[in-house]
Amino acid sequence: MDNALSLDYGEFLKSNRARVNRYLNIVLWSFVLTGPAIASGVKGGIFPDITYATCIAISAGVIILAAIHRILMKAHPSSKLTCVYALLSLNALIVYMNYSHVSIYLTWFLVPLLSILFCSRSLYYFAIASNFILMLGTTWVTAPYYAEKSLKYATAFECFADRMSGFVIESIIMSSAGYAIVKLGLRRFETLFEQYRVIGEHEIAMKEKMEIQESMTEIYDNVNLIDFVNNTEMSLRDPEQKLYSIDMTRQTQTRMNQELGLRVMADQLEEFKNFTNITTVRSRLSHKKLISADFIDVVAGWFRAQYITVEATADGIPTKVIYTTRNVDDEKRREENLIRISMTDEMTRLFNRRCYDEDLKMHRHNGMSDDFVIFSIDINGLKKVNDTKGHAAGDELIKGAADCLALSIGNKGKVYRTGGDEFMSIVHTNDPKELRRRIHERTAGWKGTLNDSLVVSVGYASFGDHPDVTIDQLERIADSDMYEQKEKFYRENGIDRRR
């Protein structure tokens, strides 16, 4: 037996010993009436060889034995010592009545028979052994009395041998029967407790499942139990918990998903139907705990759909699955906000270098269209402004350049701040030269609080003009064009950059 069963069975045996001790104590107290009962027989001449003193001694002895047993029972109700004392007390009563020649036949096997109630092999063996020893001694002591009263015995030993042979046969028969009763009884109790343990574990498991299901119904907006063995579905949020059949030959969507599909964003509907296709769920969920996907409800926003394995076959094929949906719109908004922060330059609110690198990676993978253009932009004279007017004035120029670039490019593409005064832009336009002109026009009209002017150098490279280059080569061409524009600006304005 495992630890859980041993603990339960042990507690049962202790409780049973305490209960039997209470009953035996009542039996002992009831034997107090034996003295008055025998005394009435003495008065009526039924027991001519017994005195009233013997009757008093029997009742007094039983009172003492029962009182001591009551004290032991109060202190140690389930102790084997208390059980042994009760059995010995009953044996003592039988011994004394035999010794006093009370001709009320009381079987010696009474005590072993009562010991069976304790459901203990050790107590039963003790009762058999102690009973046989006391029976042997008492028969030997009383043999002369019975030999003298009977004409069939020539000697006391002959009487002892005759009486003892009958007691031995009785003891063997009764002991064997008692052993069988104890063995079968204990085995039956162990079986019952094993069944009780299994039932208890099953109830605990079912309770845990119910608690999980109840908690899931609180967490999720929809919870559907899908049984692939019986091909049924049931909403756990439905108070009636009604079962609906699933026709796997003609049905690809459960009732729940048929309703959800009416609210899914149109451009995600096909993807939603593929994910929720009930005929492929088992194969997609094989050897997995769950699969999930996110979709947009046109009314409530983002929601997450999940299939969770509850039960599976030995080879990992799900037999029971929980299908849930939960609104994750707030989570998505936080996620988008974090992504936006990680991809945005804090000062200018433009996209940052990380975003630029990610977009380049995407275009490397997807390829470039003919109207794909990379712009490289740099602020002229920023270092001089920082040195002469301070970094606040320099920051004003950076923010001014960012605003001008964002307004000029608009929805044609994205603008990135990739360094201190360095900007890049990926746009889709067939006239990059016109876009560069608009950038210069807007920056020329800019005025700040600490600066009166803003000048930028703008270079670009179009995939339409360089169809045989990679995106990295296109970027270098744009940078090279920007530096040419910068050198031209400094030459035309007579500025020595080395100074």
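Reader: Why is Lys414 called partly exposed?
Author: Lys414 has a relative accessible area of 28%. Buried means under 20%, exposed over 50%, and partly exposed in between, with a 1.4 Å probe and protein chains only. So 28% makes Lys414 partly exposed. This is a predicted model, where local features need pLDDT of at least 70, side-chain atom pairs count only at pLDDT 80 or more, and totals for chains, interfaces and linings use all residues. Residues are numbered from 1 along each chain as its sequence is written, and side-chain values use heavy atoms, with hydrogens and water left out.

Reader: What makes Asp359 and Lys414 a salt bridge?
Author: The term asks for a side-chain nitrogen of Lys or Arg within 4 Å of a carboxyl oxygen of Asp or Glu. Asp359 and Lys414 meet at 2.8 Å, N to O. The pair therefore qualifies.

Reader: Which parts of the chain does this pair link?
Author: Asp359 lies in helix H12 and Lys414 in strand E8 (residues 413-417), 55 residues apart. Helices (H or I, at least four residues) and strands (E, at least two) are DSSP runs, numbered from the N terminus.

Reader: Is Asp359 buried or exposed?
Author: Buried, because its relative accessible area is 11%, under the cut-off for that word.

Reader: How do you know that Glu358 and Lys361 form a salt bridge?
Author: Their N to O distance is 3.8 Å. That is within the limit, so the name applies. Both residues lie in helix H12 (residues 353-366), three residues apart, about one turn of the helix.

Reader: Why does the pair Arg304 and Glu331 tie together separate parts?
Author: The closest N and O atoms of this salt bridge are 3.2 Å apart. Arg304 lies in strand E5 (residues 301-312) and Glu331 in helix H11 (residues 329-342), so the pair joins parts that are 27 residues apart in sequence. Arg304 is buried at 15%, whereas Glu331 is partly exposed at 27%.

Reader: How many salt bridges does the structure hold?
Author: There are 17.

Reader: Which residues of helix H13 are buried?
Author: In H13 (residues 382-389) they are Leu382, Val385 and Asn386.

Reader: How do you know that they line one face of the helix?
Author: Seen down the axis of H13, they fall within an arc of 100 degrees, so they line one face. The arc is that of the directions from the helix axis to the C-beta atoms. The face turned away from the buried side carries exposed Lys383, Lys384, Asp387 and Thr388.
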